[in-house]
Amino acid sequence: VSKDGVTWVATITLVPDVELGSYEGLSVEKKKVSVSEKEVEEKIKALQEKQARYVDVTDRAAKMGDLVNIDFAGSMNGVAFEGGKAENFNLELGSGNFIPGFEEQIVGHNTDEEFTITVTFPEEYFSKELAGKAAVFKVTLHEIKKKELPEIDDEFVKDVSEFNTLDELKADIKSKKEKQNADRAKAELEEKAVKAVAEASE
């Protein structure tokens with residue numbers, strides 16, 4: 001009690017007593033750090049995709065995997081809707097960036113062709129005004145380009161890395177991946193060990 005008659009109450013949190021459980025003989029499983037040939041090939045494939053280029057197609061219709069440049073204008077019952085129109089839009093067929101059925105219906109059409117696409121918006125579409133409803137799109141196909149991937153050889157390796165041969169690049173990818181796996185396995189092992197000791201403690 002102070003001289004002014006005020007009573008002060010202080011609450012202090014104390015660190016509880018901990019009884020450490022037995023940690024000798026505890027067993028935790030260490031994760032494997034080996035790297036498969038498939039993982040190395042996937043990394044090289046990703047590097048190859050980054051070096052891909054698109055070249056003009058003039059002798060055939062559009063197909064899945066092509067990059068097309070289009071104008072499109074969507075409508076419902078003859079009335080245009082917001083967000084349904086674009087010009088010179090680049091779309092990779094098969095990417096799934098558009099609603100189901102849109103990209104598939106561009107397949108088979110040729111450069112400079114105008115055509116109509118009919119699709120139905122998914123029931124779970126983010127716009128409730130469009131969800132589950134049918135729409136018509138007028139499309140003009142301006143360009144078709146196909147993807148060309150570089151050959152995976154020593155010249156490719158020189159372009160994408162500091163190495164001279166494919167074998168050197170593969171060895172480096174494997175080494176770095178093994179280190180990443182080892183570091184991750186070590187961290188997970190330490191976490192498991194601490195958890196095991198904690199569970200055995202009071």
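**Figure 1. Phenylalanine 102 and its neighbours in the predicted model.** This is a predicted model. Phenylalanine 102 touches Ile70, Phe72, Leu91, Ile117, Val119, Phe137 and Val139, leaving aside residues up to four places away in sequence. Phe102 is also among the residues with the most contacts inside the largest nonpolar core. Val68, Ile70, Ile106 and Phe137 share that listing.

**Figure 2. The largest nonpolar core.** The largest nonpolar core has 24 residues. S2, S3, helix H2 (102-106), strand S4 (114-120) and strand S5 (134-148) each give two or more residues to this core. S5 provides the largest share, five residues. A second, separate core holds 10 residues, including Val35, Val40, Phe156 and Val157.

Figure 3. Strand S2 covers residues 67-76, and strand S3 covers residues 79-92. The two strands pair in the antiparallel sense over eight bridges. Alanine 73 stands opposite lysine 85 in S3. Two residues lie between the strands of this hairpin. Asparagine 77 lies in that loop between S2 and S3.

**Figure 4. Two asparagines with positive phi.** Most residues other than glycine have a negative phi. Asparagine 77 has a positive phi of about 55° although it is not a glycine. Asparagine 77 counts as exposed because its relative accessibility is 85%, and exposed means over 50%. Asparagine 88 is not a glycine either, yet it has a positive phi of about 50°. Asparagine 88 is found in strand S3, whereas asparagine 77 sits in the loop between S2 and S3.

**Figure 5. Strand S5 and its pairings.** S5 pairs with strand S1 (residues 53-56) in the antiparallel sense over four bridges. Here, tyrosine 54 has lysine 147 in S5 as its bridge partner. Nine bridges join S2 to S5, and these strands also run antiparallel. In that pairing, valine 68 has isoleucine 144 in S5 as its bridge partner. S4 and S5 pair in the antiparallel sense over seven bridges. Threonine 120 stands opposite alanine 134 in S5.

**Figure 6. Threonine 140 and its contacts.** Threonine 140 lies in strand S5. Threonine 140 touches Asn69, Ile70, Asp71, Glu113 and Glu114, not counting residues up to four places away in sequence. Threonine 140 and aspartate 71 are 69 residues apart in sequence. In space, the C-alpha atoms of threonine 140 and aspartate 71 are 5.1 Å apart.

**Figure 7. The largest pocket.** The largest pocket has a volume of about 250 Å³. It is lined by 15 residues. Lys43, Leu47, Asp172, Ile173 and Lys176 lie nearest its centre. Helix H1 (37-50) and helix H4 (166-199) each supply at least two residues of this lining. H4 gives the largest share, six residues. By type, the lining of the largest pocket divides into seven nonpolar, two polar and six charged residues.

**Figure 8. The second largest pocket.** The second largest pocket has a volume of about 200 Å³. Of its 13 lining residues, Gly83, Ile99, Phe121, Tyr125 and Phe137 are the closest to its centre. Phe137 is also one of the residues with the most contacts inside the largest nonpolar core. S3 gives the most to the lining of the second largest pocket, with four residues. The lining of the second largest pocket has nine nonpolar residues, three polar and one charged.

**Figure 9. Alanine 182 in helix H4.** Alanine 182 is found in helix H4. H4 is also the helix that gives the largest share of the lining of the largest pocket. Alanine 182 counts as partly exposed because its relative accessibility is 30%, which falls between the cut-offs of 20% and 50%. Alanine 182 and lysine 32 are 150 residues apart in sequence. The C-alpha atoms of alanine 182 and lysine 32 are 8.0 Å apart in space.

Conventions. Residues are numbered from 1 along each chain as its sequence is written. This is a predicted model: local features need pLDDT of at least 70, side-chain atom pairs count only at pLDDT 80 or more; totals for chains, interfaces and linings use all residues. Side-chain values use heavy atoms; hydrogens and water are left out. Two strands pair if DSSP finds at least two bridges between them. A nonpolar core is a set of buried Ala, Val, Leu, Ile, Met, Phe, Trp, Tyr and Cys residues joined through side-chain atoms within 4.5 Å. Buried means under 20% relative accessible area, exposed over 50%, partly exposed in between (1.4 Å probe, protein chains only). Contact means heavy atoms within 4.5 Å. On a 1 Å grid over the protein atoms alone, a cavity is a set of points where a 1.4 Å probe fits but cannot get out, and a pocket is an open set with protein on both sides within 12 Å along at least five of seven lines; lining residues have an atom within 4 Å of a point. Grid points are joined across faces, edges and corners, and a volume is the space filled by probe spheres set on the points. Ala, Val, Leu, Ile, Met, Phe, Trp, Tyr, Cys and Pro count as nonpolar, Asp, Glu, Lys and Arg as charged, and the others, Gly among them, as polar.
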